[in-house]
Amino acid sequence: MPIVAPSLLSANFLHLQADCELLNKSEADWYHLDVMDGNFVPNISFGPMLIQFFRKATSKTCDVHLMIEKPERYLTAFKEAGADIITVHAEACIHLHRTIQQIKELGVKAGVALNPHTPVSSLAPVIKEIDLVCLMSVNPGFGGQQFIAATLPKITELKKLITEHNATAVIEIDGGVTLENAPAIIEAGADVLVAGNTVFKSKDPLATIASLKRIGINK
Ligand code: DX5
Ligand code: ZN
């Protein structure tokens, strides 16, 4: 079964408590929390303060996706806010290996995200060090964009890289995931489905989460 990680970026920020309660009673596994700084990406979202509130609202895994420049400046703040997983962008880290070590020293799981144009092979030197690889299947910055099909061969390539290195990183796909394209994403080798609009803009978010959870079963 895939790990399902709804992105709270698509939640209703005037009804966050209701949206958290909905996720808590759903089959969702993780909260996916998108932090944007207006520099690394053209949008600004939220920071550690809001994550503290999410932490209090749930016992589910808080999966924090940092779309910020020089994320090493804020690792402690996000750990203290309650992150279970901190994912940094390879493109935002000059010393990626060091940043990964810093995340792990905080006792938090370490993830690395790749933009659509960044090759999977760039992760070979660090793949054994990380717990999660987030393949961006849209250009980061906004929810509700269309899935970039070229992500599918990247998933297959990443799966191969992980197996060859005897590594344990899980593969997370972020951006434009729908009930229609999720089967192909899972088939290619993904472990974690992030879904923003597909969950929160659906008529029945609980049922949509349940359907995402069942992708790949009975094949
Ligand atoms: C995009 C974010 C995603 C986004 C996903 O920059 O990293 O997590 O919120 O939203 P959807 O599923 O609507 O593309
Ligand atoms: Zn994200």
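# Report on salt bridges, a pocket and selected residues

Arg214 has a relative accessibility of 41% and counts as partly exposed; the term covers values between buried (under 20% relative accessible area) and exposed (over 50%), with a 1.4 Å probe and protein chains only. The model is predicted, so local features need pLDDT of at least 70 and side-chain atom pairs count only at pLDDT 80 or more, while totals for chains, interfaces and linings use all residues. Residues are numbered from 1 along each chain as its sequence is written, chains are lettered from A and ligands numbered from 1 in the order in which they are written, and side-chain values use heavy atoms, leaving out hydrogens and water.

## Salt bridges

Side chains of opposite charge can pair when their charged atoms come close. In the whole structure, a search finds five salt bridges, each being a side-chain nitrogen of Lys or Arg within 4 Å of a carboxyl oxygen of Asp or Glu. One of them joins Arg214 to Glu27, with 3.0 Å between the closest N and O atoms. This pair links distant parts of the chain, 187 residues apart: Glu27 belongs to the loop between helix 1 (16-25) and strand 2 (30-36), and Arg214 to the segment after helix 8 (205-213). Helices (H or I, at least four residues) and strands (E, at least two) are DSSP runs numbered from the N terminus.

Another salt bridge brings together Asp29 and Lys213, at 2.8 Å from N to O. Here too distant parts of the chain are linked, since Asp29 sits in the loop between helix 1 and strand 2 and Lys213 in helix 8, 184 residues apart. By contrast, Glu164 and Lys160, whose side chains meet at 3.5 Å from N to O, both belong to helix 5 (residues 151-164) and are four residues apart, about one turn of the helix.

The table gives the accessibility of residues in these pairs.

| Residue | Relative accessible area | Class |
|---|---|---|
| Glu27 | 34% | partly exposed |
| Asp29 | 25% | partly exposed |
| Lys213 | 8% | buried |
| Glu164 | 56% | exposed |
| Lys160 | 55% | exposed |

## A buried lysine without a salt bridge

Lys154 is placed in helix 5. This residue is buried but has no salt bridge, and the nearest side chain of opposite charge is that of Glu91, 6.9 Å away; in this count Lys and Arg are positive and Asp and Glu negative, with His and the chain ends left out. The Lys154 side chain does reach the backbone oxygen of Thr118, at 2.9 Å.

## Loop residues

Most residues other than glycine have a negative phi. Lys70, which is not a glycine, has a positive phi of about 45°. Lys70 lies in the loop between strand 3 (61-67) and helix 3 and is partly exposed at 47% relative accessibility. Asn166 also has a positive phi, near 55°; this residue is in the loop between helix 5 and strand 7 (170-174) and is exposed, at 63% relative accessible area.

Ala83 is found in the loop between helix 3 (75-81) and strand 4 (85-89). It is buried, at 7% relative accessible area, and its C-alpha atom is 9.2 Å from that of Leu33, 50 residues apart along the chain.

## The largest pocket

The largest pocket holds about 290 Å³ of space. Among its 27 lining residues, Gly143, Gly144, Gly175, Gly176 and Gly196 are the closest to the centre. Strand 2, strand 8 (192-195) and helix 7 (197-200) each give two or more residues to this lining. A pocket is an open set of points on a 1 Å grid over the protein atoms alone, where a 1.4 Å probe fits, with protein on both sides within 12 Å along at least five of seven lines; lining residues have an atom within 4 Å of a point.

Note on methods. Points joined across faces, edges and corners; volume = space filled by probe spheres on them. Polar contact = N/O pair within 3.5 Å; in protein donor to acceptor, adjacent residues only side chain to side chain.
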